[in-house]
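Morning, everyone. Please look at the screen, and I will walk you through a few places in this structure.

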Amino acid sequence: MTTEPGTFHWGHEALHLEIALDDHGSPRLTHLGRPGEAREIPGASLPLVEVTAAGHGRGWSGDRLIGTDLGGRLRHRSHRATRDGDWHTLTVHLHDPESGLTAEVTYRSPDGIPVLRGEVTLRNEGRAALHLESVSSLAVGCLTPRDPAAVEDAELLWAENDWLAECRWRRQPMRLTTPAHGGRVRNGHGRAGFTLNGQGTWSSCGRLPMGGLTDRRTGRTWVWQIEHNGGGWRWECAEHDRAVYAALFGPTDTHHGWRHSLEPGAAFRTVPAALSFSADGGPDAAFAALTRYRRAQRRPHADHRRLPVIFNDYMNCLMGDPTTGKLMPLVDAAADAGAEYFVIDAGWYDDDNGGWWTTVGAWEPAASRFPGERGIHEVLDRVRERGMVPGLWLEPEVIGVGSPMAKSLPDGAFFRRDGARVTEAGRHHLDLRHPAARAHLDRVVDRLVGEWGVGYLKLDHNIDPGSGTSAHPGETPGAGLLGHNRAHLDWLDGVLDRYPHLVLENCASGGMRWDDALLSRMQLQSTSDQQNLDLYAPIAASAPTAVTPEQGAVWAYPQPEDSPDEVAFTMAGALLGRIHLSGRLTELEPEARALVHEAVAAYKAIRADLPQAVPSWPLGLPAWDDPWIALALRTPDTTYLTAWRRPGTDATATLRLPHLRDTAARVDTLYPSASRAVPDWMPGTAELRLTLPTAPCAVLLRITPADHGTS
């Protein structure tokens with residue numbers, strides 16, 4: 001490819017990128033979208049990188065981190081396109097002659113998938129340090145044409161995310177936060193817009209590190225994610241130069257107290273971010289593309305193909321109070337139901353009957369809970385005897401203030417600010433950059449996995465120690481937190497390198513650390529701690545927006561007091577994700593127990609399709625209080641659909657499946673087999689009229705072309 005000033009193109013059959021050099025040799029991303037699509041009205045543009053540093057600010061004050069002096073001065077030096085297997089890569093080298101700052105902008109995209117991944121490496125070729133305050137991971141100024149009508153039609157997407165109320169997508173017109181400017185002068189700049197920030201160690205506390213933009217008229221949609229496992233992230237989306245832009249960042253000075261001194265000869269790498277695209281398929285198509293991308297870029301693991309059924313003793317079951325006596329009957333009940341993993345959740349180390357919160361850290365089994373010569377191994381052996389793989393709950397990054405480890409580990413192994421250890425809710429937080437912290441956790445994992453034969457670890461994280469840590473003078477807490485976050489990912493890679501068949505679940509008070517940095521390594525994501533089956537429905541249905549279906553762990557926790565409809569409701573909710581079976585199975589009546597066994601059998605019959613399926617929402621992305629909720633997963637040949645009817649609404653709803661328009665289809669009820677659901681398929685309008693006569697009620701359907709055989 002040429003390195004002379006002008007315009008250059010890059011991409012593949014699903015994605016096309018155009019970069020133009022201005023008169024000063026500064027590159028601008030002028031088009032991103034479908035190859036060959038008409039561009040009669042060009043989009044606006046931004047520098048490929050936006051950077052602020054002490055002494056190098058912005059040309060227009062306000063809440064936005066675009067229009068930066070350094071970003072605007074970066075000039076094109078060279079670019080190179082390569083391909084490695086299914087991945088296309090474009091690397092653009094930039095430099096600022098005035099400061100000596102250079103930037104290596106790396107765009108990557110998997111073949112045939114309309115998703116762009118961005119990452120930036122800055123280097124200082126100057127003579128003086130540059131004190132960085134913000135660096136964009138991905139900045140795209142051409143999300144809409146430079147056309148006021150396109151901005152008027154734009155709607156923003158984002159997801160509220162709270163403990164017990166995860167993954168609640170919102171949608172609103174962009175003009176509510178980016179009003180049109182009147183007056184005689186139209187400068188094309190605003191001061192505000194729509195921005196979201198994540199803070200602390202929980203990457204998704206308050207909001208998912210995701211967002212989107214959709215044209216309500218044409219269906220043209222963008223969905224983005226910031227692939228960072230800490231709360232130091234930010235995105236902004238607003239109007240600039242009569243078009244809409246999105247700029248995605250890791251931690252910044254203004255919002256996270258992050259600064260980084262880039263000394264001469266040193267380098268800094270941003271957190272990655274990704275942007276998916278749909279030309280006319282709306283949010284469903286953009287989320288489908290993001291699903292394919294997530295599969296392409298995560299660490300390979302056998303669990304992603306096998307999808308074993310997991311029983312966990314916590315939710316609406318033992319609730320952190322496991323003992324040999326309580327676990328043994330559950331082991332048998334779980335095996336009888338068809339579970340393939342059995343996980344002992346929180347409490348297995350607690351010898352103080354609930355006082356464990358401030359004493360955790362050594363991760364030794366409680367003798368009072370597991371008496372006898374074999375202790376906890378009596379239960380683990382029983383799990384294996386019943387043909388299941390044993391698992392344990394672990395909260396690796398915390399040390400209770402009363403734990404012996406709080407004294408035996410050096411101060412440098414913990415988060416500190418102003419020289420003092422950070423304490424939050426009776427706990428200290430490990431800094432995994434320190435060799436002693438990492439060695440301690442490696443010893444724990446080697447004992448539980450290497451010696452005990454545990455094959456599953458549920459890794460939880462239940463405190464937020466705030467802005468971060470300062471490991472040495474001059475380090476800001478935000479910079480220390482970023483360093484720990486990266487060391488955490490490196491530690492996870494090391495664990496899986498040593499134990500490639502170990503299954504790791506990502507949990508943080510349910511879904512408080514729900515991000516693609518962790519999910520690119522870990523095999524499952526805890527979607528919630530929600531105990532109410534009625535409130536779990538919108539969480540389970542929305543989960544595939546933020547995690548691949550085969551990684552989304554959904555609780556299925558039938559209770560002896562539940563009606564048969566309620567048992568089917570909670571079981572059906574997990575059948576298009578990963579079953580996390582729980583509940584008091586030993587107390588169920590025969591009819592309820594049969595519904596549980598039937599659900600597990602139905603899941604095993606369809607699970608081979610789920611790792612290739614992409615999601616859609618036949619009733620739109622669920623709202624928290626929607627009376628009807630629906631999730632579809634589709635492969636080229638089959639569509640699976642779960643529909644929930646909650647109390648207080650009509651018995652019939654109309655679901656839209658546009659990918660099946662004009663297709664004569666067969667609709668089969670997979671679960672529960674005794675359901676009184678009445679589906680009526682209308683191929684001309686691609687609508688399914690579905691009647692569920694009772695509420696709460698849920699059903700799993702399979703929809704196939706009428707001439708396509710089903711097993």
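Which residue has its charged end over the ring of W357? R427 does, 3.4 Å from the ring centre. The rule for a charge over a ring is that NZ of Lys or CZ of Arg is within 6 Å of the ring centre and within 35 degrees of the ring normal. R108 meets that rule too, with its charged end over the ring of W87, 4.2 Å from the centre.

Some ground rules. This is a predicted model, where local features need pLDDT of at least 70, side-chain atom pairs count only at pLDDT 80 or more, and totals for chains, interfaces and linings use all residues. Residues are numbered from 1 along each chain as its sequence is written, and side-chain values use heavy atoms, with hydrogens and water left out.

Now the rings. Two aromatic rings are described by the distance of their centres and the angle of their planes. Rings of Phe, Tyr and Trp (its six-membered ring) pair if their centres lie within 6.5 Å; planes under 30 degrees apart are stacked, over 60 edge-to-face, the rest tilted. The whole structure holds 20 such pairs. One of them is W87 with Y293, edge-to-face, 6.1 Å centre to centre and 70° between the planes. W87 lies in strand β6 (residues 87-95) and Y293 in helix α4 (residues 282-297), so this pair ties together parts 206 residues apart in sequence. Helices (H or I, at least four residues) and strands (E, at least two) are DSSP runs, numbered from the N terminus. W87 and Y293 are both buried. Buried means under 20% relative accessible area, exposed over 50%, and partly exposed in between, with a 1.4 Å probe and protein chains only.

Next, W169 and F287. They are edge-to-face as well, 5.2 Å centre to centre, with 75° between the planes. W169 is in strand β11 (residues 165-173) and F287 in helix α4, 118 residues apart. Both are buried.

On to T527. It sits in the loop between β30 (524-526) and α13 (533-542). Buried or exposed? T527 counts as buried because its relative accessible area is 0%. Its side chain makes a polar contact with the side chain of Y536, at 2.7 Å. It also reaches the backbone oxygen of A553, at 2.7 Å. A polar contact is a pair of N or O atoms within 3.5 Å; within protein, one must be able to donate a hydrogen and the other to accept it, and residues adjacent in sequence count only if both atoms are side-chain atoms. Beyond four places in sequence, T527 touches residues including E166, W514, I539 and V554. Contact here means heavy atoms within 4.5 Å.

V343 is in strand β22 (residues 341-344). It counts as buried because its relative accessibility is 0%. Past its neighbours within four places, its contacts include I310, F311, L392 and Y456.

Last, cysteines. How many disulfides are there? A disulfide is a pair of cysteine sulfur atoms within 2.5 Å, and the count comes to zero. For C142, the nearest cysteine sulfur is that of C237, 12 Å away. C142 is buried, at 7% relative accessible area. For C205, the closest cysteine sulfur is in C507, 13 Å off, so it is too far for a bond. C205 is partly exposed, at 36%.
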